[in-house]
Amino acid sequence: MTRTRQARLDTAASGTLGKAAHENFPVAPFFLPRAWRDDLMAVYGFARLVDDIGDGDLAPGGADAAYLGLDPVQSDDRLAMLDALESDLHRVFATTGETPHHPLMQALRPTARRRALTPEPFIGLIEANRQDQKVRRYGTYGELLAYCELSANPVGRLVLQLTGTTSPERLRRSDAVCTALQIVEHLQDVAEDLGRDRIYLPAEDMARFHVGETDLAAPTANASVRSLVAYEAERARDLLNEGTPLVGSVHGRLRLLLAGFVGGGRAALTAIAAAGFDVLPGPPGPTKPSLLREVGVVLRKARREG
């Protein structure tokens with residue numbers, strides 16, 4: 001990679017990749033082999049970029065739009081940006097023609113080739129963000145699960161592909177973990193999502209617990225909202241428990257990585273419970289000691305079952 005190209009990558013990607021430190025789980029921890037860390041960060045860069053486009057959280061100035069071949073003023077046209085990103089994604093996997101335009105996509109290309117990745121999981125993430133522009137409410141838990149199939153499950157599938165550990169059983173367990181992590185994130189971000197006119201709490205559950213949208217807009221949660229959040233948190237915990245055997249099915253440093261994902265979700269759920277299920281003042285986040293403790297619990301369970 002030339003110095004000029006590296007400088008472009010550093011400038012365009014630093015803000016996006018820097019968000020990895022604020023996730024509930026470690027994205028590319030130090031104990032992994034350098035090649036794995038690089039590949040995981042390349043995939044994370046794509047996932048974070050597509051989410052930033054969908055959420056309107058891109059850096060000001062329109063640089064991302066320009067890289068994708070759009071006028072910088074189109075940076076706020078989320079559907080146009082997602083379409084342009086999908087076009088650039090096809091360049092990542094093309095064997096002839098133009099190379100990818102966006103620096104983060106340029107970084108993804110060698111990873112995709114080295115690990116024989118396929119475009120489908122990446123397209124799923126783009127489609128989830130398209131759905132976010134059109135669907136603002138979810139009527140049933142089943143509808144929410146279908147959304148998670150696009151928005152979350154591809155990430156776990158990509159991790160398995162990157163590490164060469166894909167199998168039907170692992171995919172099933174991975175999907176359970178990723179859906180759980182997505183639901184946990186939705187619970188943490190109820191107030192933030194409402195500010196974007198999005199609600200990921202199923203309408204049927206809101207009705208069951210007598211929660212209206214005005215309740216979600218309050219500074220603090222009333223008893224009904226807390227009960228609803230506790231109910232959804234228990235669902236997420238059940239999914240995490242269903243997926244936890246994935247950790248024991250692998251070995252070495254990959255086991256540590258997957259334990260970090262599951263432990264991160266467990267720690268976030270602990271933080272939500274510690275807040276009395278009042279997520280409205282702001283996202284309850286796990287502490288580092290809590291995260292380490294939960295990772296230890298997951299690893300001990302994996303050793304017993306392995």
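A search of the whole structure finds 7 aromatic pairs, where rings of Phe, Tyr and Trp (for Trp, the six-membered ring) pair if their centres lie within 6.5 Å, and planes under 30 degrees apart count as stacked, over 60 as edge-to-face and the rest as tilted. One of the pairs is formed by Phe 93 and Phe 122, with ring centres 5.8 Å apart and planes at 55°, so this pair is tilted. Distant parts of the chain are linked in this way, since Phe 93 sits in helix α4 and Phe 122 in helix α6, 29 residues apart. Helices here are DSSP runs of H or I with at least four residues, and they are numbered from the N terminus. The model is a predicted one, in which local features need pLDDT of at least 70 and side-chain atom pairs count only at pLDDT 80 or more, while totals for chains, interfaces and linings use all residues. Residues are numbered from 1 along each chain as its sequence is written, and side-chain values use heavy atoms, with hydrogens and water left out.

Phe 122 is buried, with a relative accessible area of 0%, whereas Phe 93 counts as partly exposed at 22% relative accessibility. For these words, buried means under 20% relative accessible area, exposed over 50% and partly exposed in between, with a 1.4 Å probe and protein chains only. Ring pairs also bring in Phe 46, which is linked with Phe 93 and Phe 122 into a cluster.

Helix α4 (residues 78–93) packs with α6 at an angle of about 175°, and the axes are 10 Å apart. Axes are lines fitted to C-alpha atoms, for helices over the stretch in contact, and angles run from 0 to 180 degrees between N-to-C directions. The two helices are therefore roughly antiparallel to each other, a label given to angles over 145 degrees, while under 35 counts as roughly parallel, 65 to 115 as roughly perpendicular and the rest as oblique. On the α4 side, the residues making the contact include Leu 82, Leu 85, Leu 89 and Phe 93, and on the α6 side they include Phe 122, Ile 126 and Asn 129; contact means heavy atoms within 4.5 Å. By class, this contact has 8 nonpolar, 3 polar and 5 charged residues. Ala, Val, Leu, Ile, Met, Phe, Trp, Tyr, Cys and Pro count as nonpolar, Asp, Glu, Lys and Arg as charged, and the others, Gly among them, as polar.

What does Asn 129 touch, leaving aside its neighbours within four places in sequence? Asn 129 is in contact with Val 50, Asp 51, Gly 54 and Leu 82. Asn 129 lies in helix α6 (residues 120–134) and is buried, with a relative accessible area of 3%. Its side chain is joined to that of Asp 51 by a polar contact of 3.1 Å. A polar contact is a pair of N or O atoms within 3.5 Å; within protein, one must be able to donate a hydrogen and the other to accept it, and residues adjacent in sequence count only if both atoms are side-chain atoms.

Another residue of helix α6 is Asp 132, which counts as buried at 3% relative accessibility. The side chain of Asp 132 makes a polar contact of 2.9 Å with the side chain of Tyr 147. Not counting residues up to four places away in sequence, Asp 132 touches Tyr 138, Tyr 147, Arg 198 and Tyr 200. Both Tyr 138 and Tyr 147 are buried.

After α8 comes Gly 164, whose phi is positive, near 65°.

Ala 116 has a positive phi of about 55° and is found in the loop between α5 (103–114) and α6, where Ala 116 is exposed with a relative accessible area of 58%. Phe 277 has a positive phi of about 65° and is found in the loop between α15 and α16 (288–305); at 24% relative accessibility, Phe 277 counts as partly exposed.
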